[in-house]
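Let's take a friendly walk through this structure together. Have the viewer open and follow along as we go.

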There are 2 protein chains.
Amino acid sequence: MILKNNLLLEAARGGPVNRPPVWLMRQAGRVLPEYRAVRKKVKNFRELVTTPELAAEVTIQPVDILGVDAAIIFSDILVIPEAMGLPYEMIEEKGPVFRKTVRGEEDIEKLEIAAGDNLRYVTDAIRIVKKELNGRVPLIGFAGAPWTILAYMVEGHGSKTFSEARKFLYTCPDSAHRLLGKIAKSTVNYLKSQVDAGADILQLFDSWAGILSPAQYASFAFPYLRDIGKEMKLYSPSTPLTVFAKGAFFSVKDFGQTDYDVIGLDWNMDIGGSRVLAGKNKTLQGNMDPALLYADYETIRKETRKMLEAFGKERYIANLGHGLYPDTDKDKVKFFVDVIKGEV
Amino acid sequence: MILKNNLLLEAARGGPVNRPPVWLMRQAGRVLPEYRAVRKKVKNFRELVTTPELAAEVTIQPVDILGVDAAIIFSDILVIPEAMGLPYEMIEEKGPVFRKTVRGEEDIEKLEIAAGDNLRYVTDAIRIVKKELNGRVPLIGFAGAPWTILAYMVEGHGSKTFSEARKFLYTCPDSAHRLLGKIAKSTVNYLKSQVDAGADILQLFDSWAGILSPAQYASFAFPYLRDIGKEMKLYSPSTPLTVFAKGAFFSVKDFGQTDYDVIGLDWNMDIGGSRVLAGKNKTLQGNMDPALLYADYETIRKETRKMLEAFGKERYIANLGHGLYPDTDKDKVKFFVDVIKGEV
């Protein structure tokens, strides 16, 4: 199907664009009253994620309401641990909690390699979204990066330091590599099934990249992401790939040498410097501080324009440097999008 | 009083040393069974902080037990908000919680400028420590950086994103500056009283530096730290000053232009690159990943030696890149110290 709005894919591939495309991490979520209404219909977050019709509905909401240039499938990076045998619950105000965690070799042995089948509810949702979007904008598929998934599997919940997970890397490095290998295989299967279902571009989220030292990142995180990129590029050369390693400012140069087309930046990362590190064959994505959207309209306009100028029009996808904060005013989110689109 | 072990001050000032001095953030704390025994005698953390004899006792413990080259006064950065009128409680496993928070101009108006007097229990503890140490090693005094203190005052508790505090910067920038000014004044009074009581070197902790964008850091954090450095240098030119802006890798160059003698690095920051950014008239401090101390002895030795080599012997103070994790094995902490001292 030919996309009516192809800006995101063009920018990812380095083609010419009239203006940078824009979408927002967590655009399908609590920031929209329309999302909250759907959320109320189900008993928990998991039910929303695993019900394809509802997941599809909230995926499309921001395209209609905010006018963004892409939809991103409504899901969670933790569907992978679940498909491998570690189910999670999402506790309101607290985040994910796992009943079982990985503590050693035996636990790793028991984990299954997730196949596309285990995650049918996601690919079903993708098919519905693609049909309903009817080519209006591209659809982004995604998965967590192996290190971030390991971090949750070992720690069992969110954490400021993930010291249990980092302890695991230092105390059981071989087991960690075995676990990362299993996660990476599951992730590749999962991403392939997303492409088959119709995802137009894929993003890998390494949300906890920034708590590893550069040396640990180079050993336990980067190689798995690099290899996933390579494998996905072979599988579907026309599907652009994005990597977002939050906090890992030291990794931009290395990702510049991989098969990823797009490198996501958080709001700490210097725009000009990152361009140099990434190299001119990569597209950058980001990186506004999500807290900016708490400011008044004039400040939002001024800071957004400053960001646009710093990135330049070529090889750039406008976004935040992290997910939207749930208590952000929807009108200000839309205003941010409109400033990028040159409409206000 | 002449110090028998003057390594820390010599390294801070850039003088010649036989080996780099070493101390550890959170060396006086739960990692030591001897600390936990003292902690059991009191009903809460606050009581330990505010009882000079006990605070002095746990301050000296790591000098005796771990053989570090400095003591750091046992206290908390949150004594400043408390002295200004916002008391906190330290909840086990959760961290600090404030009953009242700062929400607007009126709350800021009500805050007092802390004087040395409000914090007499700290300076009393310093006097006891100095007497009991009897010149064995120098004593480090410290305070939180204004931005980090503001973050707690507004947010009211620890947070992964401190989005309330960051919202405050974007929505009430003038109030934020007024609050930061009051905190900075309180901090200078507090640090002066620490010097008067006998602190040999001072460290400013900007624990939440890394969640601000470089532009926000330049506006709301750096100038207050710079000015505190300037004022303290005028007050006591012979007292070395250290700044540790955790996560603010982008700030090293700017701190290189200030009155701080020592710049602390976290474990994400590149050692060689930081040397260049800081300039050759600054001493660097850090930066081992505290999770390394979960590893086996051979790994600890190997990685520690790698760190020592990367920093070089001159203008270097060995430390971790963050505080010790409480569940670290005391023997491994001591081993880390001994490797640095060249004793194992």
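## A loop residue to start with

A:F162 lies in the loop between helix 8 and helix 9 of chain A. Helices here are DSSP runs of H or I with at least four residues, strands are runs of E with at least two, and both are numbered from the N terminus. Although A:F162 is not a glycine, its phi is positive, at about 45°.

## What kind of model this is

Before going further, please note that this is a predicted model, in which local features need pLDDT of at least 70, side-chain atom pairs count only at pLDDT 80 or more, and totals for chains, interfaces and linings use all residues. Residues are numbered from 1 along each chain as its sequence is written, while chains are lettered from A and ligands numbered from 1 in the order in which they are written.

The mean pLDDT of chain A is 97, and 100% of its residues reach 70 or more; pLDDT is the predictor's confidence in each residue, from 0 to 100. For the complex, the predictor gives an ipTM of 0.93 and a pTM of 0.96.

## How the two chains meet

How many residues of chain A are in contact with chain B? There are 21, and they touch 21 residues of chain B; a contact means that the C-beta atoms of two residues, placed from the backbone, lie within 7 Å. Helix 9 (residues 163-171) of chain A supplies the largest share of the chain A side, five residues. Sorted by class, that side has ten nonpolar, six polar and five charged residues. Here Ala, Val, Leu, Ile, Met, Phe, Trp, Tyr, Cys and Pro count as nonpolar, Asp, Glu, Lys and Arg as charged, and the others, Gly among them, as polar.

Chain A superposes on chain B by a rotation of 180° with 0.0 Å of shift along the axis, at an RMSD of 0.0 Å. That is the relation of a two-fold axis. The superposition is by least squares on the C-alpha atoms of residues with pLDDT of at least 70 in both copies. In chain A, the C-alpha nearest the axis belongs to A:K160, 3.1 Å from it. Both copies use the same surface, as 100% of the contact residues of chain A recur in chain B.

## The sheet

In chain A, seven strands make an open sheet in the order 1-4-5-6-7-8-9, with parallel pairing; two strands pair if DSSP finds at least two bridges between them. Strand 1 (71-72) and strand 9 (316-320) of chain A are at the edges with a single partner strand each, so one side of each has no neighbour in the sheet. Strand 5 (residues 201-206) and strand 6 (residues 241-245) of chain A pair in the parallel sense over five bridges, and A:L202 stands opposite A:L241 in strand 6.

Strand 8 (residues 283-288) of chain A holds A:N287. The peptide bond leading from A:G286 to A:N287 is cis, with omega near -10°.

## Two helices packing

Helix 8 (residues 146-155) and helix 10 (residues 173-197) of chain A pack at an angle of about 115°, with their axes 9 Å apart. Axes are lines fitted to C-alpha atoms, for helices over the stretch in contact, and angles run from 0 to 180 degrees between N-to-C directions.

On the helix 8 side, A:P146, A:I149 and A:L150 meet residues of helix 10 of chain A, including A:L179, A:L180 and A:I183. By class, this contact has eight nonpolar, one polar and no charged residues.
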